[in-house]
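Q: Please take a close look at one part of this model: the place where the two chains meet. Walk me through what is found there.

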Amino acid sequence: MAENKVSTGSTGESGSTGESGSTGESGTTGESGTHALDARTAFEYAPAPESRAVVDLRSSYGLFIDGEFTAPGAGSSFKTVSPATEEVLAEVTEASAEDVDAAVKAARRAYDKVWSRMPGRERAKYLYRIARIVQERSRELAVLESLDNGKPIRESRDVDVPLVASWFFYYAGWADKLEYAGLRSTQPLGVAAQVIPWNFPLMMLAWKIAPALAAGNTVVLKPAETTPLTALLFAEICQQADLPPGVVNIVTGAGETGKALVAHPGVDKVAFTGSTEVGRAIAKAVAGTEKRVTLELGGKAANIVFDDAPVDQAVEGIVNGIFFNQGHVCCAGSRLLVQESVAEEVLHSLKRRMATLRVGDPLDKNTDIGAINSRDQLEKIHELSDTGDAEGAERWAPQCELPSTGFWFPPTIFTGVTQAHRIAREEIFGPVLSVLTFRTPAEAVEKANNTPFGLSAGVWSDKGSRILWMADQLRAGVVWANTFNRFDPASPFGGYKESGYGREGGRHGLEAYVR
Amino acid sequence: MSERLEVRKTYKLYVGGAFPRSESGRSYEVTDAKGKFLANASQASRKDGRDAVGAARKAFGGWSTRTPYNRGQVLYRVAEVLEGRRAQFVEEVSASEGLSRSKAETSVDAATDRLVWYAGWADKLAQVVGGANPVAGPYFNFSLPDPTGVVAILAPQDSSLLGLVSTIAPAIVSGNTTVVVSSYQRPLPAITLSEVMATSDVPGGVVNILTGDAAEIGPWLASHMDVNALDLAGIEDADLVRDLEVAAAENLKRVLRPAPGTDWTAQPGLERMTAFLETKTVWHPIGI
């Protein structure tokens, strides 16, 4: 079984532990004094790039419909680039409405003739097979994910791909046990239209496909425009597993393809992960139909640090919360709420820790922060963080050299942020942390809940009763206490309010795929 | 000696624990199934709807943090008080729905029993829909249900009491607060039910009942940004269902779609409760 481990955030191991006692007055000397280590020079790392040779990229890809790839080059296409180098990786087909129709029809045939009639224990075996092949080809998947998405290989290797395998492994086990899940029914819905984002391309695929197939549905999945490659590799894995044709169909494309898929009358279920704006449009598009919908949308999580929290662990959690995956995380801890009495100490440690973060080549095994996924996203991050300056917050980023090609943004914090600032209200979806302070637990709750979102929250404190009280008060679907950004197939994930509806993971995740 | 003249009841709205008339000053004539005049009911306006949402939001913090045991007792108390008014409800349901006395009795009794059934769920639901999650790591991880918030209920049009109770009880038992638009043609049992609520330890604002036209008030509730969920049980017009769902999408309200032909006498499942619940998952590391 895969281990679910986010190495940037492992509590207990902490880059700055050795000097943590010297915070406070001596803090300034810690950074510039002659005896202090300068992390930028003292910890010089040799490059440790993961080899790309393991990935066999084709120059162009067709769509995966009814168990086969369509011929590439038919119809329009688009290029997918490596965000770290802007190198074109491959040409990918843009699925038209006719392509989507063909995929939905293939899924319907597979549903009617094969998949819905197959005993659960046989469906389970296909899913176990897929889990195993994902494990076998994990290195290849991780490298391709980092290439196409820009995330550090350390994360794709240690977080994304192991979770993908575990997701299939977990839901495989449910396929022949649905009658024990205590759900409304054990009957599948039919054909599921699934539209996923670019931040965790393969992991989001697994979150969508595994429960759908376990419950007996067939799927048409559209990966994000900028990150289609691992989904296409997953199509090959389906072939290797001898998954019956049409059970999984992958159509690549952009917004128009997604719209055609969601609106297709042959679809019984829509599952979407992405922005609240698109989620809202999907909810409107399916209004008045019989289609069932689950939406996993944006967030603006508060990561709340109390004065009794162990500072070094909290700082690791803050770093993991906002800089994991370049901050391209819907549940990112993008608002730090720190108790006023320890704000100075926490910020001092946080800045020192941030100075040790390594930004650069996603395929380098020592990289902490990779490339921003696209030029568009980089522009959005610039635009929103500029409003932080304009509205009077104070920006700080460690000195770090960014590569000259590709899309990059340094890890950044804003202090002096108020609840009215746009950077405290809107999802930046990048490595930008807004810092606010509070005095009492009640104030922390009020500020944390003062958002239209409600996906996740973090609490750092040594006091058990306070943690449980906070967890009870926070209006968020996932509360991480003394940890952050943990994911597991057995653990339900999803939001309150405008962060969407429905849960993915665990027994709850099956509910979205049965009648 | 002359026969005593009965004292008629003024049927008003129920908002925030009080019984106001519609701020619009409007009323409409309510008749029995045969067309005989029964009463003038208040015709709620969109402003009444907004007032009711405000009252429901204000009541949410208190109601949702009551212990489940306490909420169960309050719901049971509602059943007790409803039972005490059995004769009155039988009369109103019989007149409103055109039922024989014995059928009306069956329907009222079913409504009472439905409340008792839901009352018992208050302190059991979390164990049935929540639990510990066996994650692959040194973490204690559990999921619990949490009420969604303010639920707007467009109550069934035909089943004036049983349908009404069957939509309100599952929403409030878990800690939600509600704004209810009653059956338009058959509003009298709804207002009498609000008198039951007012005398059953249900805090003011937890259940707000408006009489009037769901097609008129519904769109304002569906688009209200402080409403978290929408129950469309009483909407039959497919176009209106779509429009309400579109409006509800603006702040991603949870929408429970209507199921035409629902048999309100049938044993309900968990769905009407789980439709208005969030699942909250809490993680904490295990270590020494």
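A: Start with one pair of residues. A:Val478 stands opposite B:Thr281, which lies in strand S10 of chain B. That pair belongs to a strand pairing that crosses between the chains. Strand S17 of chain A, residues 478-481, runs parallel to S10(B), and three bridges link the two. Keep in mind that the model is predicted.

Now widen the view. Chain B brings 36 residues into contact with 46 residues of chain A. The two chains bury about 3,200 Å² between them. Carbon and sulfur atoms account for 52% of that area. Three residues stand out on the chain B side. B:Leu252, B:Lys280 and B:Trp283 supply 22% of what chain B buries against chain A, more than any other three residues.

Next come the polar links. There are 29 residue pairs in polar contact between chain B and chain A. Several elements of chain B give two or more residues to the side that touches chain A: helices H5 (125-129), H9 (238-248) and H10 (271-274), and strands S4 (139-147) and S10 (277-285). S10(B) gives the most, with eight residues. By class, this side of chain B has 15 nonpolar, eleven polar and ten charged residues.

Charged groups also meet across the interface. Four salt bridges are found between chain B and chain A. In a salt bridge with B:Asp146, A:Arg475 has its closest N atom 3.4 Å from the closest O atom.

Terms used. Residues are numbered from 1 along each chain as its sequence is written. Chains are lettered from A and ligands numbered from 1 in the order in which they are written. This is a predicted model: local features need pLDDT of at least 70, side-chain atom pairs count only at pLDDT 80 or more; totals for chains, interfaces and linings use all residues. Side-chain values use heavy atoms; hydrogens and water are left out. Contact means heavy atoms within 4.5 Å. Buried area is the accessible area (1.4 Å probe) that two parts lose on being put together, summed over both. A salt bridge is a side-chain nitrogen of Lys or Arg within 4 Å of a carboxyl oxygen of Asp or Glu. A polar contact is a pair of N or O atoms within 3.5 Å; within protein, one must be able to donate a hydrogen and the other to accept it, and residues adjacent in sequence count only if both atoms are side-chain atoms. Helices (H or I, at least four residues) and strands (E, at least two) are DSSP runs, numbered from the N terminus. Ala, Val, Leu, Ile, Met, Phe, Trp, Tyr, Cys and Pro count as nonpolar, Asp, Glu, Lys and Arg as charged, and the others, Gly among them, as polar. Two strands pair if DSSP finds at least two bridges between them.
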